[in-house]
Amino acid sequence: MTSTYVLAIDQGTTSTRAIVFDHDGRPVATGQLEHRQIFPEAGWVEHDPEEIWTNTREVVGQALGKANITRHDVVGVGITNQRETAIVWDRRTGKPVYNAIVWQDTRTQPLIDELSADGGPARYADKTGLPLATYFSGSKITWILDNVEGAREAAEAGHLLFGTPDTWVLWNLTGGVDGGVHVTDVTNASRTLLCDIRSMEWDDELLAAFSVPRSMLPEIKSSSEVYGHVHSSGLLREVPVAGILGDQQAATFGQAAFGPGESKNTYGTGNFLLVNTGEERVASSNGLLTTPAYKLGDQPVVYALEGSIAVTGSLIQWLRDNLGIINSAEEVEALAASVPDNGGAHFVPAFSGLFAPYWRSDARGVLVGLTRFITKAHIARAALEATAFQTREVLDAVNDDFGGGLTELKVDGGMTQNELLMQFQADIVGIPVIRPEVAETTALGAAYAAGLAVGFWDDLDELRAKWSENARFTPQMSDDERAERLRVWKKAVSKSFDWVD
């Protein structure tokens with residue numbers, strides 16, 4: 001085989017990256033560009049899909065240039081993405097009819113309340129594995145069709161397409177209006193509230209409930225197969241696009257969590273803990289999601305339990321951008337470490353309500369326990385600790401649902417470079433926290449999926465052998481102190497409830 005690299009496109013919530021990986025699964029070169037975060041109203045979060053596509057093309061060029069390679073050196077392309085973000089565009093022009101509505105957006109709560117009135121939030125959970133919540137993309141499509149002039153009529157006429165960012169990037173990569181492939185994979189389809197995860201097909205009852213025309217929806221494929229080839233106008237022309245995984249499933253795949261009970265926790269804009277449950281769909285009684293982890297070609301779907309936390313890394317961005325407490329995200333560790341503890345302050349960042357394990361759309365962010373003693377350093381420390389506390393609550397839910405209890409926590413994502421946070425995380429969960437050698441596990445998972453599809457790698461055993469440990473953080477907190485810290489945290493969480501009438 002002459003091609004010696006796989007390229008992964010990681011279309012995330014705050015930026016788009018392209019990373020070139022070699023056969024050892026090591027990153028060779030990266031291109032990255034941030035895109036604008038658009039907040040038209042309180043609770044509304046949007047992105048510009050055209051900016052995302054422009055950035056995608058540019059970061060691919062950056063990565064190829066830095067690696068000093070061309071398309072002839074690339075065996076395949078994998079895509080990973082922010083999962084529940086909804087994009088609707090006109091198939092005739094390739095132009096979005098509205099900005100992308102981001103997974104954090106809460107504008108569709110009235111529709112969710114209406115659907116929940118008959119049967120509660122778990123009304124469709126048997127089919128979807130999900131509660132009714134603004135988080136997922138189905139209600140976002142409905143909002144666009146009902147609020148953008150002419151959109152519903154165009155959709156009913158078959159002119160509009162829907163996709164999460166993986167589908168948008170793939171459609172444009174493979175030609176857009178000139179024959180673009182309209183496809184998604186099982187992991188992204190499952191996050192729409194429109195897909196029956198038992199059959200992995202779009203469901204007529206759900207489409208009717210959300211008033212979404214079937215003609216808008218992409219074809220659902222596996223996570224690892226050749227979907228099409230890059231269009232002749234692209235830098236990667238004729239290279240196969242062969243892997244798609246939603247970002248959290250991609251990180252799980254990149255962490256080589258291929259067996260039941262194996263898990264990972266990703267620290268990004270939000271935090272997402274996934275535990276592989278094999279071919280068994282485990283229904284949660286603790287606020288977790290039942291979700292496909294991946295599907296390789298014609299093999300059966302592998303499922304997972306997921307604990308989704310809305311705000312972790314984005315809280316540090318908020319300290320930087322909204323309050324000006326820090327000038328860069330990297331500064332938060334030193335500031336937080338300048339005080340021995342949080343001084344009694346606790347920060348519950350329920351900016352979009354609370355996700356797992358509570359699913360409280362009425363919650364909003366609270367900063368409690370303030371006295372005149374509290375400084376910006378204490379607030380920074382409380383913000384970091386909020387990430388660890390929220391992870392502990394999700395971990396408890398996983399242990400209760402899946403049984404046995406996790407004996408270690410594999411972690412990845414940008415915040416894992418914060419050693420103060422990682423040590424506190426180990427202290428508060430009471431088990432070792434393990435950081436891998438390759439931190440870019442989300443992009444690596446997409447690369448693995450694409451590489452498997454084109455024969456660059458042989459099987460999961462070969463990928464598992466590539467995983468290696470970078471750092472291990474062991475608990476140093478006493479059981480009594482841990483229990484007391486958790487008691488106070490849960491008290492703080494209760495203060496965020498019932499804020500939205």
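At 56% relative accessibility, Glu-238 counts as exposed, where exposed means over 50% relative accessible area, buried under 20%, and partly exposed in between (1.4 Å probe, protein chains only). Glu-238 sits in the loop that links strand S13 (224–229) to strand S14 (240–246); helices (H or I, at least four residues) and strands (E, at least two) are DSSP runs, numbered from the N terminus. The phi of Glu-238 is positive, near 75°, in a residue other than glycine.

The model is a predicted one, in which local features need pLDDT of at least 70 and side-chain atom pairs count only at pLDDT 80 or more, while totals for chains, interfaces and linings use all residues. Residues are numbered from 1 along each chain as its sequence is written, and side-chain values use heavy atoms, with hydrogens and water left out.

Most residues other than glycine have a negative phi, and most peptide bonds are trans. Ala-256 also has a positive phi, of about 60°, although it is not a glycine. Ala-256 belongs to the loop between helix H9 (247–254) and strand S15 (263–267), and it is buried, with a relative accessible area of 3%. A cis peptide bond, with omega of about -5°, joins Ala-356 and Pro-357. Pro-357 lies in the loop that runs between strand S19 (346–348) and strand S20 (366–368).

Now the chain as a whole. It contains 16 helices and 23 strands. Its radius of gyration is 22 Å, close to the 23 Å that the globule rule gives for 501 residues, so the chain is as compact as a globular protein of that length. The radius is taken over C-alpha atoms, and the globule rule is 2.2 Å times the number of residues to the power 0.38. Along the principal axes, the C-alpha atoms fill a box of roughly 60 × 50 × 45 Å. Of the 501 residues, 62% count as buried. Among contacts (heavy atoms within 4.5 Å) with a separation of 6 or more, 71% are between residues 24 or more positions apart. The chain exposes about 18,400 Å², of which carbon and sulfur atoms supply 47%; accessible areas come from the Shrake-Rupley method with a 1.4 Å probe, and for residues only the protein chains shown count as cover.

Val-6, in strand S1 (residues 5–11), counts as buried at 0% relative accessibility. Its C-alpha atom is separated by 7.5 Å from that of Ala-450, 444 residues away along the chain. Leaving aside neighbours within four places in sequence, the contacts of Val-6 include Ile-19, Val-20, Phe-21, Val-75 and Gly-76, together with Ala-447, Ala-450 and Gly-451.

Ala-447, Ala-450 and Gly-451 are among the buried residues of H14. Helix H14 (residues 441–453) has 13 residues, which at 1.5 Å a residue should span 18 Å, and its end C-alpha atoms are 18 Å apart, which agrees; the expected span is 1.5 Å times one less than the number of residues. H14 is mostly covered, with twelve of its 13 residues buried. After H14 comes Gly-455, whose phi is positive, near 80°.

Helix H4 (residues 138–147) is mostly covered as well, eight of its ten residues being buried. Lys-140 and Trp-143 are among these buried residues. The cover over them includes strand S6 (87–90), strand S7 (100–101), H2, helix H5 (151–156), strand S8 (160–163) and helix H8 (204–210).

Two of these covering elements can be followed further. In strand S8 lies Leu-161, which is buried, with a relative accessible area of 2%. Leu-161 and Asp-90 are 71 residues apart in sequence and 6.2 Å apart in space, C-alpha to C-alpha. Beyond its neighbours within four places in sequence, Leu-161 has contacts that include Ile-87, Val-88, Trp-89, Trp-171 and Met-216. Helix H2 (residues 109–116) contains Gln-109, which counts as buried at 18% relative accessibility. Apart from neighbours within four places in sequence, Gln-109 is in contact with Thr-134 and Ser-361.
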